[in-house]
Each structure stands twice: as structure tokens, then as C-alpha cells.
Amino acid sequence: MEHRAKIALELGATSIIWPHEGNVDEQIADSSNPPPSVIFDCAGVPGSFQLAVDCSAFEGKVVIVGLCMGKDYYFPAKALLKEIDVLFVIIS
């Protein structure tokens, strides 16, 4: 994962959030950046979609790249209230 994070930063990502390494809200607050306007969810694990919505800025965009193969749960009202655009992509 370190390799992918390095590439993301080289391609223009302004920060990387590591949900398995502590509190995500604290990581965002410590990044000295405003909430992200574009989030790429590349994890593809249950809960990562909701986490991306939770972290997104108002009128942000969440791009789902990682394919979650298990059942997942998310609260659509939060995305609706933040007016978030959600885009699902597949790489072939």
C-alpha cells in the first residue's frame, strides 16, 4: 500500500488517509487541508464507501474504484445532504 500511496501523491493527491492507523477524523484535521472535494475509494472493503462519504466536503465527489465483494452498508441521507456526486468506475 505504501507504493500505491506514493504514486497517488506523485499524481496529485494532496493527502492519504489510513483508516487502519487511527481515527480518520483526526487524520483529516491534522492534514491542514480542508475536507477533500474529491475522494477515490480504492480500498473496496465494507465500510470504505461510507467512510468516503463521511470525509467528503459539501458538494464533493466520491469515486469508487475498489470493488467490495461483500455486503456493505451505507447511509444515503448523508451523501444526499452533502450533495455529493458518486461515481462508480471499472478499470479494464
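1. A word on terms before the pockets: on a 1 Å grid over the protein atoms alone, a cavity is a set of points where a 1.4 Å probe fits but cannot get out, while a pocket is an open set with protein on both sides within 12 Å along at least five of seven lines; lining residues have an atom within 4 Å of a point. Grid points are joined across faces, edges and corners, and a volume is the space filled by probe spheres set on the points.

2. This is a predicted model, in which local features need pLDDT of at least 70 and side-chain atom pairs count only at pLDDT 80 or more, whereas totals for chains, interfaces and linings use all residues. Residues are numbered from 1 along each chain as its sequence is written, and side-chain values use heavy atoms, with hydrogens and water left out.

3. The largest pocket holds about 1,200 Å³ of space. It is lined by 35 residues, and Ile 16, Ile 17, Phe 40, Asp 41 and Cys 42 are the closest to its centre. Helix H1 (2-10), helix H2 (24-30), S1 and H3 each supply at least two residues of this lining; helices (H or I, at least four residues) and strands (E, at least two) are DSSP runs, numbered from the N terminus. By type, the lining of the largest pocket divides into 25 nonpolar, eight polar and two charged residues (Ala, Val, Leu, Ile, Met, Phe, Trp, Tyr, Cys and Pro count as nonpolar, Asp, Glu, Lys and Arg as charged, and the others, Gly among them, as polar).

4. For the second largest pocket, the volume is about 230 Å³. Here 17 residues form the lining, with Ile 64, Gly 66, Leu 67, Cys 68 and Phe 88 the closest to the centre.

5. Where does Gly 66 sit? Its place is in the loop between S2 and helix H4 (76-81). Gly 66 counts as buried because its relative accessibility is 16% (buried means under 20% relative accessible area, exposed over 50%, partly exposed in between, with a 1.4 Å probe and protein chains only). Leaving aside neighbours within four places in sequence, Gly 66 is in contact with Asp 41, Cys 42, Ala 43 and Gly 44, where contact means heavy atoms within 4.5 Å.

6. Now the sheet: three strands form an open sheet in the order S1-S2-S3, with parallel pairing. Strands S1 (38-41) and S3 (85-88) are the edges, each pairing on one side only. Two strands pair if DSSP finds at least two bridges between them. S1 and strand S2 (residues 61-64) pair in the parallel sense over four bridges; Asp 41 stands opposite Ile 64 in S2, and Val 62 in S2 is the bridge partner of Ile 39. S1 has a covered face, Ile 39 and Asp 41, and an uncovered one, Val 38 and Phe 40.

7. H3 deserves a look too, as six of its eight residues are buried. These are Ser 48, Phe 49, Gln 50, Ala 52, Val 53 and Cys 55, and what covers them includes H2, S1, S2, H4 and S3.

8. Finally, Ser 56 lies in the loop between H3 and S2. Ser 56 counts as buried because its relative accessibility is 3%. Not counting residues up to four places away in sequence, Ser 56 touches Pro 35, Pro 36, Ile 39, Lys 61, Val 62, Lys 82 and Ile 84.
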